[in-house]
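Have a look at the model, then work through them.

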Amino acid sequence: MRQGARAGRDTADKPLQHTLSLSPSPACGGGEPYEHRLTRHPPLPTGWERGTKGVRAAIRASDFVNIVRIQHEPRALQPSPPAPLPLAGEGSRASVAQNVSSSPNPLGERDTQGNDQESVSPLQIRATRYTLTRTPDGVLTLELQGGVRIEYQGRRLQGERLILETEAGVVRSEQPFSLFAEQGALTGQRGEYAYEQARGRFEGVQAQVLGVYLDAALLEGDLTDFTAREVIVSTCDPNRPPLQVRAGRVRLTRGARLTLRNARLFVYGQPLLSLPQLTVRVGERAEVVSLPSPVYSAETGWGARVRLELPLGENALMQASAVGYLRAIPETRLAVGVALRGDEPALNDPDLRLRFEQSALYNLRARPERTAPVDALTLRAEASRDVRPLLAPRERLRVSRTEIDLAAPLRYRGGFGEATLSYGSLSERIDGRRTPTRERFALEGEWFQPLLSRGAFEARLHLWASYARYQGVGDYQWLRPQLELLWQPRESLTLMAGYARASTRGDSPFLTEQLRARREASLRAEYQHGNLRLGVLLKYDVERRDLYDVQALIGWRDRCLEPYLFWRRTPSAVLLGVNLTTLGF
């Protein structure tokens, strides 16, 4: 390999330009000569090592402009044109001090004294051509062209021409580029990206983030927390989505909730309805948004239900829901959650009252997959009036409550759960007659512990506990452990079986808080065939020998839209609606 270099001497007022020319020798397979030009103020010390094709420039730690090393790396000899220039460097002295990886150097690098390096830079750059300059005011700029690839802490920028300002830690592009991260991918026509802060400003954006596709005229932020304007959103295939939402402004908060304001829903290209705001729960495998939907029961007749979620700043969330009926009084509920520590707050489902009603072996609408609760210490307040619980123990039963609680997530040795301390007032309406309102103080907990996982089979333990004290009555305590077995013999079929044995002490004046069965066996089956989804859940009271609950669900999936029907035998309940899901469902 023939190697050559030309360099001049520094002057007081004029930067020097260094040109490095490399030409493979015939012994190395030939190839076209290629050239790399660097322009900078100080002299350019270089160290050369014998090798074959490929050049690596490593811009080292103590002073970006003072230490530059270019070396050949051994590669397999091929009679082909020279490979693009891989270039590894560090953006600034501050980034080096804070972010240098301690992992061994996989390329066996040496410093300028020939010593082995034990760490590599977090900033990795590859390009076919580059020009390195320092302006009179001291700004160092690296212009990269041809198959450019910049990697930093798990994120990757790609394009044909990128400009890197190392002092500011900023990459600029006036041509199409792509950004890849753990949360998804983004392409844009032009933009500016601060790689140390993982935030940027992008124009002409198309992105796939956490199962959501969006086109936006402007996007500012990162792939977990951003604001976008003039946006088209879908969780379906972006080429021909059956449902789209067009919004003037979109906000993604902490990779959890996508809030769309001034939203218009289009189904198969036809406008459906306009909403002042719509919230999509991203990163979930099942239902990600609840659209207005009809409901029916023998007691109430037909009705319609609506739910709205509204972020209140960075750490607060409001949820409002209402159900109106033709033959019954309406239901209303308002809840607010504030995260005192951690991520966005989590609010309870308004249809459910007891914690174990969220179990997949108690509620067919709940998914068999279990995920840890949001890592946030949450203060919640709720006011509800005449809510008909989805899994109520009898017909013509309504619940009203005003409550404030503090919820804390728990984790230990692979298991997780939540503990809740609550205080408020509660009353029921039975056959149209309201019971006395009583103050209620409660301490409740839930724990989920995986026990065994072998291929398609899983065994796990689910535990619920509650202690409640009622004004003028006394207390009521219960403990409900449940063993769950899950078997998925093939992708389209999921079977679950469980056995729960509850123990109680004391008595509750409210029917909705009394356990229905002391010993309960349950069986759940779910089958998917093409677009069709079928599910059934049976619950059997072992002591009374009574099949006391039967639930069924049928859904038809068209990519991200799933019209569904949920039915419960006793008390009678029918829910009709449309789920907007993610592609990972």
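**Exercise 1.** Find the ring that the charged end of Arg480 sits over.

*Solution.* Start with the rule: a charge sits over a ring if NZ of Lys or CZ of Arg is within 6 Å of the ring centre and within 35 degrees of the ring normal. The charged end of Arg480 is over Phe356, 4.5 Å from the ring centre. Next, look at Phe356 itself: ring pairs join it with Tyr362, Trp464 and Trp478 in a cluster. Arg156 gives another case, lying over the face of Phe180 at 4.5 Å from the ring centre.

This is a predicted model, where local features need pLDDT of at least 70 and side-chain atom pairs count only at pLDDT 80 or more, while totals for chains, interfaces and linings use all residues. Residues are numbered from 1 along each chain as its sequence is written, and side-chain values use heavy atoms, with hydrogens and water left out.

**Exercise 2.** Classify the ring pair of Phe177 and Phe202.

*Solution.* Rings of Phe, Tyr and Trp (its six-membered ring) pair if their centres lie within 6.5 Å; planes under 30 degrees apart are stacked, over 60 edge-to-face, and the rest tilted. Finally, check burial: both Phe177 and Phe202 are buried (under 20% relative accessible area, 1.4 Å probe, protein chains only).

How values were computed
Buried means under 20% relative accessible area, exposed over 50%, partly exposed in between (1.4 Å probe, protein chains only).
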